[in-house]
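This report goes through one chain of a complex and its meeting with a neighbouring chain. Please keep the sequence and the structure in view while reading.

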Amino acid sequence: MLKGRAGSIAFQLLAFVLALGFVSLILLSAGASPMEAYKNMLTGSIGSMRKFAEVLVTFVPLLLVTAGLLITFSAGLWNIGVEGQIVIGAISTVGVLRIFVDSTLPPALIIMLAIFGGMIGGALWASLAGMLKTFGGVNEIFGGLGLNFVSTALTLYLIFGPWKREGVASMSGTEPFPDHFALPQVPELRISLWALGIALTGIVIVYFILQGTYFGLKLKAVGKNFRAAYLLGIPTWQYSMYSFLICGALAGAAGAMQVTAVYHRLIPSISSGYGYLGLMVAMLINYQAVWAIPVALFFAALNIGSIQLPIVMKLDSSLAGVLQGVLVLFVLLMEGARQKFVKKA
Amino acid sequence: MNVELKNIHKHFGKTHANKGINLAIPSGTIQGVLGENGAGKSTLMKILSGFIQADSGSQIILDGKPVIIHSPADAIHVGVGMLHQDPLDFPPMRVLDNFLLGRSGGLFPNRKEAAQNFNLLAREFDFSFDPETYVDTLTVGERQQLEIMRLLWLGARVLILDEPTTGISASQKAKLFATLKKLPEQGMTIIFVSHKLEDVENLCDQVAVLRAGELVGEMKPPFNTSKLVEMMFGKAITLGARQTAEVGGTVLSLNNISLEDARLKIKDVNLDLRAGEVIGLAGLEGSGQGMFIRACSGLVRPVGGKVQLKGQDLTGKSYHTFKAAGVNFLPAARLEEGLVPGLSLTDHFVLAEQPKGIFIDRVAGEKLAEDRIQSFNIRGTPLSTVESLSGGNQQRAELALLQTPLSLILLEHPTRGLDIESVIYIWAKLKERCRQGAAIIFISSDLEEILQYSDRVLVFFSGKVSPPIDAAVTSVEQLGQLIGGKGWPEKGGGHA
């Protein structure tokens, strides 16, 4: 009974319970009531329409990044550089908007161009990690990590250098764009349905690429056995590059959403750590696209819900990160335990 | 040191690799262990040196005392050291640091004392290296010398050498043998594992032959070569009448092909292979046949010479160009190189069709898979992942991946580990391909299989390639001698 799908779900539920228990212990040791903390997180995330809209604002980039990472994971690649790809996507979007800041073209067209610009920027940045791996023999984890630092430095350089505000440059970022350069938002709420639509389109496309296309099947073959895939006639390194390009484009789109739907300018922490969070989501869902939406939504809710904690309970809001991390660790641990169990049985 | 192995059994899953081996080696003996690949030599030696544990009931007795060896560290503790075929050293480190490794005791190694000991030992055996040089600048032969010194310094009284003469020069071999001959005087026991009859005959005081996990015979000098060969390869079993397909035009022609890797050099091989023909490559593993078959598939680029397929020059082209030109290669390591674990049979057949277009036609894919599963008699469903299949079914699945039509089929151990019915079935399928005009080159360590199914045979020995031998008039014994390095012309050029 513990084999098959039911067993798998049972183990994951157990992991979830264990993670909650572990975090509860941490809370108790800090002298706080776990139940109250969880209640606050719940009301802080879905307690009101306005709060839920905030959750969706976080959900959009997280889902796009997760979608991209599903592609690179399928190709057997650890695209740690995704964080930098978001940043470069945002920079490219801002760059395109700056070009057209005084133009008379319709704003909708300019926003579209800017989003495309962000996707292309992210893809090119990802291709650097890909080329380092393919032609330079640099593991994508190291290459990506290095490029992440470069992208952060580039952001700061732009904010304090060529793109600085009139007068004095500041950590609050570049001069905000005029309102007509923003994706339209739902009245009274910060969420843009356009952004939400783009994110959902992204994950749906990725789902179909992986489930129903020759391209996706070949990617999986490359990811699961590079050598055998080559012998089967698949141009392996090209497929690795394609996966970097697609993931980079989706991460770039996430960066573009951060600019056009949330911040309307370039800020130093424009990627908000969604790259690393996306890696956790992808690991947690074991690289299955169908689970991306609920899990990314859950992680976004944790992020937003925990904002309440310092205000109401004098706890640090990083508790969300602790819970997310612990959850991933327990799920991976339980998966290991399950496999051992199945092998024995 | 006296070594006694009593009733050694070892199972790997269903495979019975050692079947109750009893062997006594008196102190001061150089013991040869002969056998073909898969005979159980390595398993036995790994048990003695602690890399793997024998099944319960097996006994190792050293100088009259039963010992239990759980790890290589245990082994060296009781005085057993093993020199592996590929030196297990650390190339980016200095010679002296390698020498120090595995020495227990002390947080800070005493380099000075070690250097003194090192020089002393090196002088005793007439080795010359600089202890401060890096290991990756040494030749394979020198690395062996270093490893022998290290094991002796660690206190080895039994020295196991696994195929030590592969990949070293003739002068290094002479030096190695001179060193080994000195050791028994000091009460050391040497176990020399090899497939090279000549080396064993020149060096050893007694020889044990393993076949299919059993000790099939022992011999002391003077050695009777043909008796040894018979013990190694066994008596022939009949696989039915030989069949040959009608031979057509030239498919593959190799002109003065030269190949090189870190261990071996193959020089100036010439071969014309015709449609419908089957060529078997014989030789013990690592003699050059693997590199040769990969060169025919485009996976290894020759350092010299010309490769032509049906008149088209493919020299230096990629494997995918070879594949597009009608060459398929099925590697021996099924789950490592041939198939993609985690993907289903349907996925494999769909991929092997080199699909065009975007969306997968699931219905057609499953229909294709069902057809192939039926015609290749695979026990599995279209949705079975390849790793869930048994070895024989994985092999049939690999064969089912061959494209149609093909000019050249390259196979590495196509029937290894399969039962006799599967072997006959697979060859029936392959011979059918021959009648359709494909040529086949295959590697096998089963000499009966080679003689049964090939038209011509090439024998490989340490990078030398024999001229093509007519399989119909060759015996297992003749082939066995050549494989063991006997009966080769002194200056053996590669005129295949």
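## Where the chains meet

Two residues are in contact if their C-beta atoms, placed from the backbone, lie within 7 Å. The model is predicted, and in it 22 residues of chain B are in contact with 17 residues of chain A. Helix 10 (319–324), helix 11 (334–338) and helix 12 (345–352) of chain B each supply at least two residues of the side of chain B that touches chain A. Helix 12 of chain B gives the most to that side, with four residues.

Sorted by class, the side of chain B that touches chain A has 13 nonpolar, five polar and four charged residues.

## Confidence

For the complex, the predictor gives an ipTM of 0.85 and a pTM of 0.78. Chain B has a mean pLDDT of 86, and 94% of its residues reach 70 or more.

The pLDDT is below 50 over residues 492–496 of chain B, a stretch that has 18 contacts in the model beyond near neighbours in sequence. Where pLDDT is low, the predicted coordinates should not be read in detail.

## Helix 5 of chain B

Helix 5 (residues 140–153) of chain B has 14 residues, which at 1.5 Å a residue should span 20 Å; its end C-alpha atoms are 20 Å apart, so the two values agree. Just after helix 5 of chain B, B:Gly155 takes a positive phi of about 100°.

The helix is mostly covered, with 10 of its 14 residues buried. Among them are B:Leu146, B:Ile148, B:Met149 and B:Leu151, and also B:Glu142, B:Arg143 and B:Arg150. What covers the buried residues of helix 5 of chain B includes strand 6 (80–83), helix 3 (95–100), helix 4 (111–125), strand 7 (158–162) and helix 6 (170–182) of chain B.

## Strand 3 of chain B

In strand 3 (residues 30–34) of chain B, five of its five residues are buried. Both faces of the strand are covered: B:Ile30, B:Gly32 and B:Leu34 lie on one side, with B:Gln31 and B:Val33 on the other.

Which strands pair with strand 3 of chain B? Strand 8 (residues 189–194) of chain B pairs with strand 3 of chain B in the parallel sense over five bridges, and B:Val193 in strand 8 is the bridge partner of B:Val33. Strand 9 (residues 206–211) of chain B also runs parallel to strand 3 of chain B, joined by four bridges. There, the bridge partner of B:Gln31 is B:Gln206.

Key. Residues are numbered from 1 along each chain as its sequence is written. Chains are lettered from A and ligands numbered from 1 in the order in which they are written. This is a predicted model: local features need pLDDT of at least 70, side-chain atom pairs count only at pLDDT 80 or more; totals for chains, interfaces and linings use all residues. The expected span of a helix is 1.5 Å times one less than its number of residues. A residue is buried if 20 or more other C-beta atoms lie within 10 Å of its own, exposed if 12 or fewer, and partly exposed in between; C-beta atoms are placed from the backbone. Ala, Val, Leu, Ile, Met, Phe, Trp, Tyr, Cys and Pro count as nonpolar, Asp, Glu, Lys and Arg as charged, and the others, Gly among them, as polar. pLDDT is the predictor's confidence in each residue, from 0 to 100. Two strands pair if DSSP finds at least two bridges between them.
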